[in-house]
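This report looks at charged side chains and their partners.

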Amino acid sequence: MNTQTSPSPQFYLTAAAPCPYLPNELERKVFTHMVGPRATEMNDLLTQGGFRRSQNIAYRPACESCRACVSVRVLTKEFEASRAFRRVEASNRDLVSTVFPAQPSTEQFSLFRRYLDARHQQGGMSDMSALDYAIMVEDSHVQTRIIEYRLRVPGDGVLQQPRGDLVAVALSDLMSDGLSMVYSFYNPDMERRSLGTMMVLDHIRRAQALGLPHVYLGYWVRGSQKMGYKTRFQPQEHLMNQGWMRFTPDMDE
């Protein structure tokens with residue numbers, strides 16, 4: 001397969017495979033490689049067109065009989081935290097978040113394995129090794145960062161590297177119009193903190209501070225319980241045949 005850069009990206013179609021989200025469905029994906037000096041520009045355009053990044057590949061569903069996967073982005077300039085979201089933020093005020101270059105660590109991988117073993121034992125990532133994790137983090141030609149969330153300990157306020165326990169990690173891309181949450185994971189034993197929700201809220205706050213209008217959450221899958229949380233972050237837009245359309249929860253009824 002040719003992965004060399006060319007004036008325009010080359011797209012490929014995967015073979016059909018069992019869908020990881022919906023029973024009795026088959027998935028196919030269209031994908032292209034994002035490498036070279038135009039990778040950042042391509043990432044912006046393709047994400048805005050409904051693609052997701054995985055390492056140096058951008059992909060989106062191209063299923064023959066199903067259209068359940070829908071790209072979702074939060075409208076950060078209009079976002080106001082609900083009472084439930086404010087409770088999540090309050091319960092995590094003792095966390096320190098720090099942005100780093102996209103570089104893996106043994107500590108991150110240890111947390112990553114705990115998360116997979118507790119939440120995604122049957123998923124496609126369940127057998128990922130330390131090398132696989134390192135490639136997931138480092139294999140990027142765009143503006144990618146790692147955000148670590150740690151429990152605050154005395155003295156962290158003056159340290160570039162906080163010392164508290166690592167409880168959550170987010171891999172995210174900085175785009176011209178927002179932040180794209182590529183992958184996130186957290187300590188599965190801290191369920192009461194709602195760390196997944198906390199990381200989305202933190203990205204919304206970061207996008208607001210940067211003056212960026214969107215946080216891209218990837219795909220919401222109609223009928224998949226594990227993806228239902230994404231529609232809680234309102235207002236948001238879904239990418240439809242007509243383009244990005246404003247979504248409200250009652251549209252799913």
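## Glu64 and Arg28

Glu64 and Arg28 pair through their side chains in a salt bridge, at 3.0 Å from N to O. The term means a side-chain nitrogen of Lys or Arg within 4 Å of a carboxyl oxygen of Asp or Glu. Glu64 sits in the loop between β6 (57–61) and β7 (69–75), and Arg28 in the loop between β3 (26–27) and β4 (29–33), so the bridge ties together parts 36 residues apart in sequence. Glu64 is exposed at 65% relative accessibility. Arg28 is partly exposed at 22%. Here buried means under 20% relative accessible area, exposed means over 50%, and partly exposed lies in between (1.4 Å probe, protein chains only).

The model is predicted: local features need pLDDT of at least 70, side-chain atom pairs count only at pLDDT 80 or more, and totals for chains, interfaces and linings use all residues. Residues are numbered from 1 along each chain as its sequence is written, and side-chain values use heavy atoms, with hydrogens and water left out.

## Two bridges from helix α3

The structure holds twelve salt bridges. One of them joins the side chains of Glu107 and Arg150 at 2.7 Å, N to O. Glu107 belongs to helix α3 (residues 106–119) and Arg150 to strand β9 (residues 144–151), 43 residues apart. Helices (H or I, at least four residues) and strands (E, at least two) are DSSP runs, numbered from the N terminus. Glu107 is partly exposed, at 38%. Arg150 is buried, at 5%.

Arg114 bridges to Asp189, with 2.6 Å between the closest N and O atoms. Asp189 lies in the loop between β11 (178–186) and α5 (195–210), while Arg114 is in helix α3, 75 residues apart. Asp189 is exposed at 63%; Arg114 is partly exposed at 36%. Shared partners also join Glu107, Glu148 and Arg150 into one salt-bridge network.

Asp177 lies in the loop between β10 (166–174) and β11.

Its side chain makes polar contacts with those of His214 at 3.0 Å and Gln48 at 3.4 Å. A polar contact is a pair of N or O atoms within 3.5 Å; within protein, one must be able to donate a hydrogen and the other to accept it, and residues adjacent in sequence count only if both atoms are side-chain atoms.
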